[in-house]
Structures are given as structure tokens and as C-alpha cells.
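Good morning, and thank you for coming.

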Amino acid sequence: MAPMTSSTTPSTWQDFRAAEPALADTVQKRFQLYKHHVLATLRKDGSPRVTGLEVEFRMDTLWFGMMPNSRKALDLRRDPRFAIQANPGPDAEMADGDIRVSGLAVEVTDPAVRARFVEEVTPPEPFLLFRADPAEVVRTGLDGDDIVLQVWRPGRPLRTLRRRGDESPVRES
């Protein structure tokens, strides 16, 4: 799987949901199992920063809210690329699978959108609001002896890759 590059054009969450409604539902349900998740941003020097974050699914959008001047907010204002991983849960089994979303975080300043978000969520004030536009969504799970990856990228069909925990080649199904 190729990493996200500058040529990968993000899409909106609504576009992802329209293209892959079942996977979008799975991703949303997986994030909603736990309150805190892990966000990766890029520091000024390009090195990664990981931090905890809560996400919201409202108005058919994936949202990140954060305190002004937090390191993650400053990172995203400077370079909007992000990756977020759903909390893996309390055990090593990950029965619900592993979910990762990467793309661009777009700061939302529109007063009407912010007011609607505040009405629905009541976040602590002051706050910054970012819309997460996905460039890649990956679900990893187990199916018998296979590790199964579902990979979605805008404008491409959903790929399902299977591999074993040995030297066997990856199979696409």
C-alpha cells in the first residue's frame, strides 16, 4: 500500500459514506466505542507528534475539536495532514478490528457551522474546530488465519487484501 502523498486528494466524509456506506458505518461505530483516540500530526521539523483526541461524528462529518494554541492545533494549522487511529480497546484481541483514517484537517471558522456544532456537542470554550477530510481509510481485522485489510481511497474502488502471518504473498479478494 502506498503512503499518502501530496497527489492524494482528500474527499469529504460524505463522499466516503456515499462510496462505501457499510465501511463508513463500521468506522464510525468503531470510533464511538471509546472516547479517546490517537491523533498523529507533523511538527515544524516534520517529525511526527502523537496525542490523544476525542472525535465527533455530526452533520455527516468527522470532527476534531481542540483547545486553541494546543500543539496539535498549531501543527494542523501549519500542516493539515493527519492520521488518527481508533482506540484499540482494553485487551490485545482487538475483536472489533483496527481503524485508521488519514487525510487533511480543515479548520472551520464559519459561524453558522460552529454554532450548530456547539448546539449539538457543547464543547468547552474556547475551541478550534477541524473537519477531517479523509484521503485513506483502513480497517484491519482477522478472518480465521488471515489478516484482512480493507483500504479505501477517494476515486478508487475499495480494496480487500488478505495475508497470513508468514511469508505467504498478499492476496487481493
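Where is Pro-126 found? Pro-126 is in the loop between H4 and E7, where helices (H or I, at least four residues) and strands (E, at least two) are DSSP runs numbered from the N terminus. I shall return to that loop later.

First, the basis of the talk. This is a predicted model, in which local features need pLDDT of at least 70, side-chain atom pairs count only at pLDDT 80 or more, and totals for chains, interfaces and linings use all residues. Residues are numbered from 1 along each chain as its sequence is written, and side-chain values use heavy atoms, with hydrogens and water left out.

The pLDDT is the predictor's confidence in each residue, from 0 to 100. The protein chain averages 92, and 94% of the residues score at least 70. Over residues 1–7, however, the pLDDT is below 50. Beyond near neighbours in sequence, that stretch has ten contacts in the model, a contact being heavy atoms within 4.5 Å.

Let us turn to the interior. A nonpolar core here is a set of buried Ala, Val, Leu, Ile, Met, Phe, Trp, Tyr and Cys residues joined through side-chain atoms within 4.5 Å. Buried means under 20% relative accessible area, exposed over 50%, and partly exposed in between, with a 1.4 Å probe and protein chains only. The largest core has 26 residues, and Val-27, Phe-31, Phe-64, Phe-82 and Ile-84 touch the most other members. Among the elements that give two or more residues to this core are helix H1 (13–19), helix H2 (21–32), helix H3 (71–78) and strand E7 (128–143). A second, separate core of five residues includes Val-108, Phe-117, Phe-127 and Leu-129. In soluble globular proteins, nonpolar side chains tend to be buried together.

What does Val-27 touch, not counting residues up to four places away in sequence? The answer is Trp-13, Phe-16, Ile-99, Val-101 and Val-137. Gln-28, in helix H2, is also buried, with a relative accessible area of 18%. With the same exclusion of residues up to four places away, Gln-28 touches Arg-17 and Phe-57.

Next, the strands. Two strands pair if DSSP finds at least two bridges between them. E5 and E6 run antiparallel and are joined by five bridges; within this pair, Ile-84 stands opposite Val-101 in E6. E6 and E7 also run antiparallel, with ten bridges, and the bridge partner of Ala-105 is Ala-132 in E7. Six bridges join strand E1 (residues 37–42) to strand E2 (residues 48–53), again antiparallel. Here His-37 stands opposite Leu-53 in E2. E1 and E2 form a hairpin with five residues between them, and Gly-46 in the turn has a positive phi of about 90 degrees.

Which residues of H3 are buried? They are Lys-72, Ala-73, Asp-75 and Leu-76. Seen down the axis of H3, the buried residues fall within an arc of 160 degrees, so they line one face of the helix; the arc is that of the directions from the helix axis to the C-beta atoms. These buried residues pack against E1, E2, E4, E5, E6 and E7.

I come now to helix H4, residues 111–121, which contains Ala-112. Asp-110 caps its N-terminal end: a side-chain oxygen lies 2.8 Å from the backbone nitrogen of Ala-112. Ala-112 counts as exposed, at 56% relative accessibility. The C-alpha atoms of Ala-112 and Asp-133, 21 residues apart along the chain, are separated by 19 Å.

Finally, the backbone. Most residues other than glycine have a negative phi, and most peptide bonds are trans. H4 is followed by Thr-122, whose phi is positive, near 55 degrees. Thr-122 lies in the loop between H4 and E7 and counts as exposed at 63% relative accessibility. In that loop we meet Pro-126 again, joined to Glu-125 by a cis peptide bond with omega of about -10 degrees. Met-59, in the loop between E3 and E4, has a positive phi near 50 degrees. Met-59 is partly exposed, with a relative accessible area of 22%.

That concludes the presentation; I thank you for your attention.

Notes: Polar contact = N/O pair within 3.5 Å; in protein donor to acceptor, adjacent residues only side chain to side chain.
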